[in-house]
Amino acid sequence: MILRTFGWSFGVTAAGLLTAFLYDGLTGLALVAILAVLEISLSFDNAVVNAKVLERMSVFWQKIFLTIGIAIAVFGMRLVFPLAIVAITAGMSPFEAFDLALNDEKAYAHALESAYPMIAAFGGMFLLMLFLDFVFQEHDHQWLAWLERPLARIGKLDQLAVVIAGTALALAGGYFADNPGEVMIAGVLGMITYILVNGLGELFEGAGDLDEDDEDVKKGPNGLVVATGKAAFFLFLYLEVLDASFSFDGVIGAFAISTNLIIIALGLGIGAMYIRSLTVYLVRKGTLHEYVYLEHGAMWAIGALAVCMLISIGHHVPEAITGGLGAGLIIAAFISSLIRNRNGDAGDEAAPDKQLHSTGV
């Protein structure tokens, strides 16, 4: 199980560390290792959330997530995306941005940091919408019942998530941003992206649930209807946008460790690969159904990260805080799940849920 799931990650790690050593000796190797650990620590909650979506996809699309998806994550979000942001905000061509990144690392880092308010607004609003949609829904299990139950009740008010997210964006743009107009546009685009991609994913997934004979859905080994075709494609797209939103903080934070584009891409790429492998591992082991509060902890971590990103539009929030909050909430949720299981509360209540959701892959 470990080798089959993490084999690609081990291979990428070996290749990445060797490349770093050949490129910049022991210093490069150490920096890449540190960046990989940083990426894993900041994105662990991403793996938990991804696993909840990935279990609704066929084995074929899970493999796509681990192959094509990692290419998008490493080369797209950790290499091409920062270059594109610098090129757009600095009014230069992508080739000029690439030349700047290779030959003037400090200027490149400064240009990317200057664009961070817009990046934070886009990613923060996407993640905030994801968090609000979760806490405003009713769930079979409640981790923080004293808070989650009343939130689910008021969540019956239509479009409440959009109202709260829009208000948060207006406050962040008005009080924290030096260029409120740019931040507002980026934040609105983040909301639109979430609504569009999530809506399309739910549309095709919902269609599959209603018609199990449709060509876009199939039954998994344990009888679960899993998405293929159009349904799986939009779920895959949703996962990629979600990963992108999580990666913004890590990409910017990486410049505190190194300003070298190649070193950053190698380190964050290795970390991204482990997050993907961990996602598949959680699905195959059924961890989210054994420890039922993990998803709740991850979602509250996402909410905390979204708030930190909005605050960081005007004030730097140390990576230790964002990573620490996420890790702390997930650890607390895991401990709560352990206590629940040991007290025998999982029993018959959790069995149907596990049967419904486990893919058995």
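## Aromatic pairs in a helical chain

The structure holds nine aromatic pairs, where a pair means Phe, Tyr or Trp rings (for Trp, the six-membered ring) with centres within 6.5 Å. One of them joins F6 and F10, and it's stacked, at 6.3 Å centre to centre with 25° between the planes. Stacked means planes under 30 degrees apart, while over 60 is edge-to-face and the rest are tilted.

This is a predicted model, so local features need pLDDT of at least 70 and side-chain atom pairs 80 or more, whereas totals for chains, interfaces and linings use all residues. Residues count from 1 along each chain as its sequence is written, and side-chain values use heavy atoms, leaving out hydrogens and water.

Where do F6 and F10 sit? They're four residues apart in helix α1 (residues 2–54), so about one helical turn separates them.

| Residue | Relative accessible area | Class |
|---|---|---|
| F6 | 12% | buried |
| F10 | 40% | partly exposed |

Buried means under 20% relative accessible area, exposed over 50%, and partly exposed in between (1.4 Å probe, protein chains only). F6 and F10 also belong to one aromatic cluster with Y274 and Y281.

Now zoom out. The protein chain has 14 helices and two strands; these are DSSP runs (helices H or I, at least four residues; strands E, at least two), numbered from the N terminus. Of its 361 residues, 52% are buried. Take contacts (heavy atoms within 4.5 Å) between residues at least 6 apart in sequence: 81% of those in the protein chain join residues at least 24 apart.
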